[in-house]
Amino acid sequence: MHVTRVRYWILAILLFLYLAGVLILSAVTLHEPRNSGNGKSDRVQQYSRIKNYEYGIPGLRPPLRRSKIQWCSELKYMDPPKPPVALVSFPGSGNTWLRYLLQQATGYFTGSIYKDYGLLKNGFPAEYVSNGSVLVVKTHEWGQDARKIFSKAVLLVRAPGAAIQAEFNRQSGGHIGFASPDRYKRTKGKYWQQFVTDKLESWKQTNLDWLYNFTGPTHVIFYEQLVDNLEHTLKSIIEFLDISVDASLFRCAIERKEGIYRRKRRVLNFDPYTEDMKKKLEDVQQKVYEAIYNFATPSKR
């Protein structure tokens, strides 16, 4: 009886040690940084903390996931990679829609400095890839650290009133959802008023910083141009990116232009912008647009 009990305890101890070893190995595997193929680990990149960046390294390539989107061709990485190109915009300006259009028209993945799991699972498997293995890299950031790794930039600008409201909708209802009317009236409208004030300043800073301080080639387009003259505007972006595109692939992209990430139009039964808000929006928009037009004038570039 005593021998049986000893054997039981020995087996129990061995089983415990085995399970502990499995758990430890699993933890090491799960938390070990990915290797990018150059002996360095891929780290979570916050632009304020980026120290070194090596152009042309494929970096993190997440496995492909099923997408609800029907693509014109099988998407692929840039091979060989090129110096990274920024796709810059203030949130709510149509960045995700433009990424979708570029992927349809070129067949190349687009990346992002962010890791949006909704986008990662539905159409953007290279989300969070921020190097030259993707066609363009989405960013809403501004400042020296945000700009320094990019060789070129596409600056997508949308009128501040529409962009701010689109961002308010995104924060409340996701990429294609909407904020409820009650959200605008939260804290007697003070929440919305402060949101507009803060985001208008951010809209101005984002656009002017990239316009004035980015030293690489910059292609500025307006969201409204994409909507009103999609074919011409999309071609101009692809030419700026120096990518050859098959004519049938481009036609397919135009035919499937809507995708699933363009928010449908919804009309509120009230105007969320007061006259004072409208005046501030107009003043800031005029200042930024004037800077853009001056930038586009050959004699001043």
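Modeller: Two strands pair if DSSP finds at least two bridges between them; strands (E, at least two residues) and helices (H or I, at least four residues) are DSSP runs numbered from the N terminus. The model is predicted: local features need pLDDT of at least 70 and side-chain atom pairs count only at pLDDT 80 or more, while totals for chains, interfaces and linings use all residues. Residues are numbered from 1 along each chain as its sequence is written, and side-chain values use heavy atoms, with hydrogens and water left out.

Colleague: Which residue stands opposite phenylalanine 222 in S5?

Modeller: S5 runs parallel to S4 (residues 152-157), and 5 bridges join them. Within this pair, the residue opposite phenylalanine 222 is valine 157.

Colleague: How many residues of strand S5 are buried?

Modeller: Buried means under 20% relative accessible area, exposed over 50% and partly exposed in between, with a 1.4 Å probe and protein chains only. Thr218, Val220 and Phe222 point one way from S5, while His219 and Ile221 point the other way, and all are buried. S5 (residues 218-222) is therefore largely enclosed by the rest of the structure, the buried count being 5 of the 5.

Colleague: How far apart are the end C-alpha atoms of helix H2?

Modeller: The expected span of a helix is 1.5 Å times one less than its number of residues. H2 (residues 95-106) has 12 residues and so should span 16 Å. The distance between its end C-alpha atoms agrees, at 16 Å.

Colleague: How many residues of H2 are buried?

Modeller: Among the buried residues of H2 are Asn95, Trp97, Arg99 and Tyr100. The helix is largely enclosed by the rest of the structure because the buried count is 12 of the 12.

Colleague: At what angle do H2 and H10 pack?

Modeller: Two packed helices are described by the angle between their axes and the distance between the axes. Axes are lines fitted to C-alpha atoms, for helices over the stretch in contact (heavy atoms within 4.5 Å); angles run from 0 to 180 degrees between N-to-C directions. Leu101, Gln104, Ala105 and Thr106 in H2 meet Leu249, Phe250 and Ala253 in H10. With H10 spanning residues 247-255 and the axes 7 Å apart, the angle is about 150°.
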